[in-house]
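Please open the model in a viewer and keep the sequence beside it.

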Protein chains: 2
Amino acid sequence: MPRKVDHQERRTQIADALMRVAAEQGLEAVSLRHVAAEAGVSAGMVQHYFRTKDEMMRFALEAVHVRSEARVNAAIAALGPDPAPRPLLRTLLTALLPLDDESRAIGRVALAFLAYTAVRPSGDPSLNEGTAQMAGFITALLPAPDPARAAGLLALMEGLGLYLLGGQYTAEQALSALDAHLDLLFS
Amino acid sequence: MPRKVDHQERRTQIADALMRVAAEQGLEAVSLRHVAAEAGVSAGMVQHYFRTKDEMMRFALEAVHVRSEARVNAAIAALGPDPAPRPLLRTLLTALLPLDDESRAIGRVALAFLAYTAVRPSGDPSLNEGTAQMAGFITALLPAPDPARAAGLLALMEGLGLYLLGGQYTAEQALSALDAHLDLLFS
């Protein structure tokens, strides 16, 4: 008797395949057929788990968020107990920048998703929640807990990520810009 | 005898159509067929002017740059002669944010293009040049002419644009974040 594949496990397998396709070949390569081939399942199987491309994209973005969160948590845990606000913030933001293979793949999928949702009028409410939550967390770590400064720092991190993916900034330039900004905020 | 259509004019007409398709329907809708239909020409005509999708995308991004530059120049000219560095910077960066219909269309195309190039190993050297040029210009306007601060300000603008397009920030939030950052830089 074949092992019963868990529903969630199969969805994750398909979302992983979607992420690989999006990260390696770009969003326009994300199709039912491509994703099915990459996951090693039939197109009908993909359709069984995700009725639309929108559904598949949303699940992949969730997977990206889960991985990003795991990366951030691991990096913060490595700081030891009770880190000071500035190294905590720097570690958090650096963990989200596309500076290694995994985070570059994550960044590409996030970028592809943003490009995908930017033309859809409704947008994605989960994006807003994630950003608002992060902005609140950052605000509490700043010496002057100003939401506008936190919003700026988050945007700076996002822009650095974009320039790293696009190749306009080197890792060194991006980290210098982040440190210069933290200098301003913590001076 | 039919009017002879200028080569450059025809290319621009096709690139405009590409921009409308990308801005309204997303990058995955950008195909020879779609762009030809939007431009009101044959697919063969599009292929005559752009042999590959890469060529078409590059030309559209150039068109985006030309329009962005025209927007920035008009906004700066409206400041009158010899504007002070801070209002000049604010005007420059605000003109590049997706805060009205035209700049949102420009932003969507730029985002689609970034998502498109991020998965291509070579990237696009013209992106780097444009960013480096802008960073140099910004550096010269800062009270402390620090390239890392200029790189951060540029990244902040880019990130604000991303969050405006994605709907995470309102126009008011984005402008507050920009002003809070300029306060830090000019204090």
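Select H1(A) and helix H2 (residues 32–39) of chain A: the two axes come within 8 Å and cross at roughly 110°. Helices here are DSSP runs of H or I with at least four residues, numbered from the N terminus. Axes are lines fitted to C-alpha atoms over the stretch in contact, with angles from 0 to 180 degrees between N-to-C directions. Because 65 to 115 degrees counts as roughly perpendicular, H1(A) and H2(A) are therefore roughly perpendicular to each other.

This is a predicted model, in which local features need pLDDT of at least 70 and side-chain atom pairs count only at pLDDT 80 or more, while totals for chains, interfaces and linings use all residues. Residues are numbered from 1 along each chain as written, and chains are lettered from A and ligands numbered from 1 in the order in which they are written.

Next, display Gln13(A), Ile14(A), Ala17(A), Leu18(A), Arg20(A) and Val21(A) of H1(A), which meet His34(A), Val35(A), Glu38(A) and Ala39(A) of H2(A). Contact requires C-beta atoms, placed from the backbone, to lie within 7 Å.

Now show both chains: 43 residues of chain A are in contact with 44 residues of chain B. On the side of chain A that touches chain B, H8(A) gives the most, with 14 residues.

Definitions and conventions. Contact = placed C-beta atoms within 7 Å. Helix = DSSP H or I, 4+ residues; strand = E, 2+ residues; numbered from the N terminus. Parallel < 35°, antiparallel > 145°, perpendicular 65-115°, else oblique.
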